[in-house]
Amino acid sequence: MPTVCDTRSEMAAVQDAPVEADNEKEIKTETLNDAAGNHASAAGGVIPSPPVASTSSSGPAKAGGPGSEEQQTLMAVLQFLKKNNFVGAVDVLRREAGILEDSDESQGQELAASALGGAEAGDATCTLSRASSCTTSTPAVAAAPAKGGEDQPDVNVVLSAYSQQGDPALYQGYYSGLKKFVESVLDCHRAELSQLFYPLFVHMYLELVYNNHETEAKAFFEKFSGDQECYYQDDLRVLSGLTKKEHMKGNETLLDFRTSKFVLRISRDSYQLLKRHLQERQNNQIWNIIQEHLYIDIFDGMPRSKSQIDSMSGSLAGEAKREANKAKVFYGLLKEPEIDVPLDDEDEEGENEEGKPKKKKPKKDSMGSKSKKQDPNAPQQNRIPLPELKDSDKLDKIMYMKEATKRIRLGPESLPSICFYTFLNAYQGLTAVDFTDDSSLIAGGFADSTVRVWSVTPKKLRSVKSAADLNLIDKESDDVLERIMDEKSASESKILYGHSGPVYGVSFSPDRNYLLSCSEDGTVRLWSLQTFTCLVGYKGHNYPVWDTQFSPYGYYFISGGHDRVARLWATDHYQPLRMFAGHLADITCTQFHPNSNYVATGSADRTVRLWDILNGNCVRIFTGHKGPIHSLAFSPNGKYLASGATDGRVLLWDIGHGLMIGELKGHTDTVYSLKFSRDGEILASGSMDNTVRLWDSIKAFDDIETDDFTAATGHIHLPENSQELLLGTYMTKSTPVIHLHFTRRNLLLAAGAYNP
Amino acid sequence: MADREERRFAEVPRESIRLMAESAGVELSDDVAALLTEDVCYRLREATQNSSQFMRHAKRRKLTVEDFNRALRWSNVEAVCGYGAQDTLPFRPIKEGDLFFVEDREVNLVELALATNIPKGCAETMVRVQVSYLDGKGNLEPQGTVPSAVQTLSDDLLKYYQQITRSILGEDPHLMKVALLDLQSNSKIAALLPYFVYVISGVKSVSHDLEQLNRLLHMVKSLVQNPYLYLGSYVRSLVSSVMYCILEPLAASINPLNDHWTLRDYAALLLSHIFWTHGDLVSGLYHQILLSLQKVLSDPVRPLCSHYGAVVGLHALGWKAVERVLYPHLPAYWANLQAVLDDYSVSNAQVKADGHKVYGAILVAVERLLKMKALSLSVNAEGGIGGLPRPGGIMGCRESSPGLSPPPEPLSEPGLGIASHLHAGGAGCPWEDWTPVPLPAMYCELYSFFGDSLAVRFSTGPSLGNSPPAPLAQPPTTRKELPGGTANLDTARKMPQLTANLNISPRQDGSPHGEQGGGVGSAGASQSLARSSSSSSVQRSRSSSSRPGQRPSGLSRDVFPKARFNPLPAGPPIFSFVIGGRQMGRRCQGRRFQTTFTPSQPLSAVSSRTYAHKLPVIGRVGKPVRRWTCSQYSLHLPL
């Protein structure tokens with residue numbers, strides 16, 4: 001903890017620097033906003049990552065970060081160092097900065113980072129400090145949620161924008177003036193201009209509070225809070241409690257408002273209308289707020305309708321900018337490695353795998369040859385280096401293919417049977433569940449810090465013998481794999497002790513050898529399912545880790561938590577390979593793309609972000625949820641993403657176009673789990689409302705016409721067809737559904753704890 | 001929304017703050033207290049808001065003290081201790097003031113430590129599986145289809161199962177009856193079905209015990225009749241058990257005293273019932289049954305009782321089955337049977353008796369074949385004109401039967417159609433190129449085998465319409481003959497005999513017989529249910545013999561119509577047969593036989609002159625009418 005505080009005060013100081021440098025505004029807007037992704041990418045590129053290094057050493061893509069910004073960042077670092085009397089470091093940095101102009105940027109950054117790391121001499125959390133030194137300012141501040149009063153300086157930075165002062169008595173007039181104006185404009189513009197109300201309201205209120213006009217602020221809030229859209233209720237509730245300048249210091253929600261520009265999409269016509277109005281009225285107060293705290297994304301074309309706007313808004317910082325979703329995403333699947341599937345004989349396949357592949361060629365299974373041709377939308381096979389397949393993986397792949405041939409073809413006419421795993425006597429609180437891909441094991445994370453693993457099949461769980469006993473066995477024997485297992489340890493379930501806080505996420509590795517768990521104690525732990533012991537504790541998140549997920553190819557995993565940063569790890573590295581910063585609130589759920597090149601994160605800021613693992617860029621921002629997102633699922637073909645939130649809605653996204661393509665309404669409580677069937681025909685959703693619902697995903701995807709226009713503007717009319725898409729609702733007795741899983745044959749497994 | 005409450009959250013009053021400060025030894029001025037109050041409220045709210053995320057991530061709806069403490073801890077505030085209990089804490093006011101507090105009982109640690117009743121730990125956390133099977137439309141399937149693999153029997157069901165099996169297989173006939181009745185009507189035993197099926201499959205192990213076999217068959221009947229049970233693929237298992245009783249040379253049949261014939265008859269009746277009511281559950285069932293029957297029939301090594309089973313089985317499956325399997329196979333089989341019947345040696349007596357049994361069964365089957373074929377032809381021929389009554393009568397028999405109703409006689413193939421795949425390895429005629437044999441030819445050929453015992457009456461088309469559709473329900477024959485039957489039970493077993501009954505009187509006014517075998521058979525079956533000793537095919541044949549009831553009254557008949565059948569030269573022949581041949585059941589008082597050795601009539605079209613007819617031709621002499629009981633005065637002739 002002390003190191004964290006250090007880091008933070010350090011960052012705070014860094015923050016001070018630009019203020020003193022008197023280029024406050026620019027730094028602020030640049031760094032606080034869209035630059036977040038870039039900084040994250042920089043951070044990603046810097047962190048040494050041996051397995052990935054081969055690809056990333058070619059230079060992380062600098063997504064258009066302007067040189068001047070780098071310069072300012074550097075200046076800020078220098079000033080900070082000077083202020084703290086790190087003379088040597090300043091000198092080094094100066095020298096490096098001289099080189100910086102004509103050398104590779106990433107190299108320069110790395111050097112700068114290492115210089116800083118050196119200056120901090122023996123700081124245990126050098127990972128974090130390095131990351132923060134690179135990102136330099138606010139994203140890192142956002143990453144470390146401010147607590148208590150210790151971070152006064154950075155709040156001052158943030159709030160200083162409110163120092164300008166109008167007459168508090170006039171605020172109500174300003175607001176109602178704008179309100180009147182918006183009500184008077186043509187219908188087609190009214191919806192668009194109404195978007196202004198909420199951000200203006202919030203910022204005006206905060207200005208009043210900041211300037212100690214408590215009574216005016218209260219009156220202002222009372223008068224206009226009722227006008228705001230209902231989906232902002234949660235934020236308004238936080239605001240309503242905030243009436244003193246002192247309280248603003250530690251308030252996270254407030255920080256979110258201030259550290260990000262609220263993004264609005266408005267058509268050019270509407271914008272002109274607004275501008276003319278404000279200029280006519282000489283309404284500088286509002287104009288200033290718009291200039292400083294709002295980002296208006298102007299587009300040419302028809303103004304959007306109310307429903308279109310409503311479907312996209314709701315996030316903490318408004319909609320995503322259109323540019324944010326323009327990057328190309330390789331959503332196609334990777335080519336499956338060619339594995340010869342012996343059709344008949346089951347016993348030989350292990351040996352024949354390596355030895356005589358040619359002989360078996362003609363017997364190849366149709367499943368194996370299906371994925372021969374490269375998907376045009378797929379990333380390069382080695383874009384992200386993936387672990388090589390072991391023999392056992394190949395065996396498993398063969399098993400998978402065999403099972404896949406017996407898979408039931410699902411559809412509206414043939415729904416999957418549902419098998420519900422109820423956790424009984426889970427008084428300690430079941431917080432997370434995962435199944436292995438072959439549905440042979442089930443793991444539960446509990447609030448009492450334990451992780452429990454059950455065998456779902458009659459095969460019991462056995463651990464490997466102790467080292468002394470292992471020495472005794474005959475290593476040449478054919479059944480050595482059987483002999484190393486300790487028969488005495490066989491049991492139906494195992495308990496894994498190690499965490500010191502509720503376990504919020506568990507995830508099996510695809511090869512079933514490992515289990516990940518993440519906990520409130522800020523660590524992610526890797527457990528061996530051979531010995532049922534903890535192998536590694538990954539420390540990096542210093543706050544609760546809400547979710548963790550293994551890559552579909554193993555080796556990598558992602559974690560995300562309260563610190564608003566998602567981290568990509570490799571199992572054999574104790575430091576993260578990438579840090580994905582940009583979310584404005586906790587990262588609540590994480591999910592790997594089926595091709596392992598991207599990760600999706602859902603957040604309490606009510607956005608979903610898609611990150612490129614290669615360069616750490618944020619390539620998609622999906623807005624539209626009205627509550628914290630708690631579940632994510634990629635369709636098996638990698639094209640679509642489904643997300644579920646506390647508002648009980650499930651939204652469907654087209655990753656390639658970056659569009660929302662569907663809204664599934666039906667659940668009455670948080671959707672905690674989503675899963676596509678193996679062939680993607682059915683989407684299953686499980687919720688706190690004790691139901692499992694099945695949706696016709698094929699129809700949902702087909703009903704959307706994604707022509708060029710909608711793709712270009714991102715404005716889409718969502719059909720109101722939730723009821724048609726809902727294929728079935730299945731109640732549990734009193735068990736919230738917190739995990740769903742389709743077996744390889746398309747039987748739906750669901751899990752939850754009985755909650756009498 | 002303007003009338004919203006000003007604040008929607010709780011506030012700590014200033015007084016409380018001041019009191020708390022005092023308890024900590026600090027005196028607060030008003031201003032300070034006011035400021036502090038607001039700050040305390042705000043901080044509490046903030047902590048509450050922060051704590052909600054811990055609740056959300058723990059996937060709970062209820063905010064716990066633990067959540068709140070976590071939020072405090074992450075804000076570097078000391079956690080509040082002592083409120084971790086799961087159950088709600090009572091919040092009480094103090095009597096004399098506005099002071100509220102959470103009740104905090106003192107716990108005597110010594111007592112707790114020395115207590116003898118050590119509290120039990122919580123039950124272990126475990127995972128339990130519940131499967132919901134969905135059908136195509138997304139509905140949950142009824143529970144009855146849940147496979148035994150995932151269905152665990154409740155104690156009640158287990159008890160039920162034990163009681164039922166015990167009483168059915170036990171000694172007490174009354175208990176058995178009750179158990180069978182319950183099995184037939186209980187709607188909650190779906191989960192037990194596999195177990196019952198398993199019990200029934202035990203027929204193979206009790207083949208020495210006729211009584212047990214009978215009871216098991218009755219169990220099958222009850223299960224089949226239970227309207228709440230969905231048999232599904234268990235039909236196959238049931239059928240195989242029933243087939244075992246029909247076809248296998250049971251250990252019980254070694255002793256000629258054992259009436260395994262009746263068992264086979266009953267099983268055959270059951271088979272037809274299963275097939276007609278549940279045959280659609282398993283595809284290809286009909287063909288499988290036919291195939292196995294055919295296989296047995298064409299296997300000369302098998303004992304005669306097996307052959308008998310095959311014949312009655314075919315008979316039970318309907319006349320089409322007889323036509324397709326038995327009829328083509330008859331010439332080949334005949335030689336064997338005749339050899340048996342011709343052997344008059346003493347050692348052969350038993351076998352010969354069995355042979356007569358088979359002979360009777362075949363006779364009954366082919367008689368019905370002829371009758372039904374003619375009927376179908378006549379119906380076809382009459383078309384829209386007069387076709388009504390007869391089919392109506394045929395249909396009518398179904399409703400009227402309270403017990404096991406034999407299948408409604410189909411005039412056409414059973415819905416499945418005889419598929420070409422049936423005849424995989426059978427010895428009979430290949431199914432593919434099977435062509436229906438025209439009725440006259442069939443009659444001629446059959447006549448060449450049976451001679452006059454193939455008692456046939458026919459009338460031509462127009463008169464058919466006159467026959468009144470007799471609305472019968474319960475032909476009294478079986479009832480009335482009952483005492484005699486029981487009395488003569490043993491002898492009947494000893495000496496299976498054949499009778500043929502013929503009504504002497506042309507008019508059958510008083511005869512309560514129905515038009516069709518169904519009603520009679522079913523009535524018999526319902527009794528056999530209780531007495532478990534009736535032969536369905538016998539009854540059917542008897543009912544066939546009562547065919548005169550339909551006969552136009554105006555036509556007088558000879559006592560022994562000796563196949564005065566001449567193929568009509570032209571036009572589709574329209575016949576109505578009255579069949580007098582019949583095999584003796586034990587209920588008939590009749591070991592009275594009338595045998596005549598009639599020279600076979602030369603029939604032009606028949607090539608099968610080769611078959612000699614030394615067989616006794618059996619005719620039953622039925623006495624008319626009013627006194628049905630005494631109507632049989634056939635001669636008694638032990639064969």
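Me: Which strand of chain B does Phe101(B) lie in?
Reply: Strand S2, residues 100-102 of chain B. Keep in mind that this is a predicted model.

Me: And is Phe101(B) buried, partly exposed or exposed?
Reply: Partly exposed, because its relative accessible area is 35% and that class runs between the 20% and 50% cut-offs.

Me: Which residues form the nonpolar surface patch with Phe101(B)?
Reply: Leu19(B), Ile94(B) and Leu99(B). Together with Phe101(B), they have about 340 Å² of accessible area.

Me: OK, inside now. Which residues touch the most other members of the largest nonpolar core?
Reply: Phe196(B), Leu326(B), Ile362(B) and Phe450(B), in a core of 98 residues.

Me: Which residues does the second core include?
Reply: That one is separate and has 44 residues, among them Leu178(A), Phe181(A), Phe257(A) and Leu294(A).

Me: Why would nonpolar side chains sit together like that?
Reply: In soluble globular proteins, nonpolar side chains tend to be buried together.

Me: Give me the overall picture of chain B. How many helices and strands?
Reply: There are 21 helices and seven strands in chain B. The chain has 639 residues, and 50% of them are buried.

Me: What about contacts in chain B between residues at least 6 apart in sequence?
Reply: Of those, 76% join residues at least 24 apart.

Me: What's the secondary structure over 496-531 and 622-655 of chain A?
Reply: Residues 496-531 of chain A come out as 0% helix and 53% strand, with the end C-alpha atoms 10 Å apart. For 622-655 of chain A it's 0% helix and 56% strand, and the end C-alpha atoms are 9 Å apart.

Me: Last one: where is Lys488(A) found?
Reply: In the loop between helix H26 (480-483) and strand S7 (493-496) of chain A. Lys488(A) counts as exposed because its relative accessibility is 77%, and the cut-off for exposed is over 50%.

Me: How far is Lys488(A) from Arg462(A)?
Reply: They're 26 residues apart in sequence, and 7.9 Å apart in space, C-alpha to C-alpha.

Notes
Residues are numbered from 1 along each chain as its sequence is written. Chains are lettered from A and ligands numbered from 1 in the order in which they are written. This is a predicted model: local features need pLDDT of at least 70, side-chain atom pairs count only at pLDDT 80 or more; totals for chains, interfaces and linings use all residues. Side-chain values use heavy atoms; hydrogens and water are left out. Patches are made of residues with over 30% relative accessible area and no salt bridge: like charges are joined within 9 Å, nonpolar side chains (Val, Leu, Ile, Met, Phe, Trp, Tyr) within 5 Å. Accessible areas come from the Shrake-Rupley method with a 1.4 Å probe; for residues, only the protein chains shown count as cover. A salt bridge is a side-chain nitrogen of Lys or Arg within 4 Å of a carboxyl oxygen of Asp or Glu. Helices (H or I, at least four residues) and strands (E, at least two) are DSSP runs, numbered from the N terminus. Buried means under 20% relative accessible area, exposed over 50%, partly exposed in between (1.4 Å probe, protein chains only). A nonpolar core is a set of buried Ala, Val, Leu, Ile, Met, Phe, Trp, Tyr and Cys residues joined through side-chain atoms within 4.5 Å. Contact means heavy atoms within 4.5 Å.
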